[in-house]
Amino acid sequence: APTSDFLLCRCQRNASQSSGGDPYAVTPSVMALTEFHIKNGSTFSAQPITNHSVVFSSETWYETFGTEDPRVVYRHLDGTYYLLYSAVQTLPDGSVICRLSLATSSHHPPLEWVRHGPIFCDRNGTRGARAARCSCAIRPTRRRTSSSSATPPTSMGCR
């Protein structure tokens, strides 16, 4: 029996009508899942993306401006989908920050996801302003100068 293939893609709604006609006005990003088929090795067709296609949208404090750039890996050994994505947050001063975040799903197709949060810590050792102490494996590192004095953290690195 033929199996279905699915495509997870980033989508945004055009909000130009509610913003006075600004063609670049969009809503926060979401991720939609659509079924697709390839016929004869060259003809691609996909189901239309609708509101019901959305399987991943902003739900947490670190995703206030959307969820973007999905990268999915399926691990056959345990039947788990691993989703790395950019969680985009608007800060109180109006600036925007992106955090590489992780979600997993053991459903096929992956319609439900469990969020595991940002995978890198901020420079102060937390996953964000409202988060508890970071328990992730990758933490900020301190670079050493030639005099061996510590400088403020400047990069992320493995511990």
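This is a predicted model: local features need pLDDT of at least 70, side-chain atom pairs count only at pLDDT 80 or more; totals for chains, interfaces and linings use all residues.
Residues are numbered from 1 along each chain as its sequence is written, and side-chain values use heavy atoms, with hydrogens and water left out.

**View 1. The chain as a whole, built from ten strands and zero helices.** From the N terminus on, the elements run β-β-β-β-β-β-β-β-β-β, where helices (H or I, at least four residues) and strands (E, at least two) are DSSP runs numbered from the N terminus. Of the 159 residues, 32% count as buried, a class defined by under 20% relative accessible area, with exposed meaning over 50% and partly exposed lying in between (1.4 Å probe, protein chains only). Among contacts with a separation of 6 or more, 35% come from residues 24 or more positions apart, contact meaning heavy atoms within 4.5 Å.

**View 2. The open sheet of four strands, in the order S5-S6-S7-S8.** The pairing in this sheet is antiparallel, two strands being counted as paired if DSSP finds at least two bridges between them. Strand S5 (66–75) and strand S8 (114–118) are the edge strands, each of which pairs on one side only. Neighbouring strands are turned by 25° against each other on average, direction ignored; the axes are lines fitted to C-alpha atoms, for helices over the stretch in contact, and angles run from 0 to 180 degrees between N-to-C directions. Within the sheet, strand S6 (residues 80–90) and strand S7 (residues 96–105) pair in the antiparallel sense over ten bridges, and Thr 90 has Val 96 in S7 as its bridge partner.

**View 3. The hairpin of S2 and S3, with three residues between the strands.** Strand S2 (residues 30–39) pairs with strand S3 (residues 43–46) in the antiparallel sense over four bridges. Ile 38 has Phe 44 in S3 as its bridge partner, while Asn 40 in this hairpin takes a positive phi near 55°.

View 4. Glu 63 counts as buried because its relative accessibility is 0%. The side chain of Glu 63 makes a polar contact with the side chain of Arg 115 at 2.9 Å; a polar contact is a pair of N or O atoms within 3.5 Å, where within protein one must be able to donate a hydrogen and the other to accept it, and residues adjacent in sequence count only if both atoms are side-chain atoms. Leaving aside neighbours within four places in sequence, the residues in contact with Glu 63 include Phe 56, Tyr 85, Val 88 and Arg 115.

**View 5. Salt bridges, of which a search of the whole structure finds four.** A salt bridge is a side-chain nitrogen of Lys or Arg within 4 Å of a carboxyl oxygen of Asp or Glu. One of them joins Glu 68 to Arg 10, with the closest N and O atoms 3.3 Å apart, and this pair links distant parts of the chain, Glu 68 lying in strand S5 and Arg 10 in strand S1 (residues 5–11), 58 residues apart. Glu 68 counts as buried at 15% relative accessibility, whereas Arg 10 counts as partly exposed at 40%. Another joins Glu 59 to Arg 115, the closest N and O atoms being 3.1 Å apart; here too distant parts are linked, with Glu 59 in the loop between S4 and S5 and Arg 115 in strand S8, 56 residues apart. Glu 59 counts as exposed at 59% relative accessibility. Asp 78 and Arg 75 also meet through their side chains in a salt bridge (3.2 Å, N to O), Asp 78 being partly exposed at 38% relative accessible area and Arg 75 partly exposed at 39%. Salt bridges that share partners join Glu 59, Glu 63 and Arg 115 into one network.

**View 6. Ser 86 in strand S6.** Ser 86 is buried, with a relative accessible area of 15%. The C-alpha atoms of Ser 86 and Glu 68 are separated by 5.0 Å, although these residues are 18 residues apart along the chain. The side chain of Ser 86 makes a polar contact with that of Asp 69 (3.3 Å).
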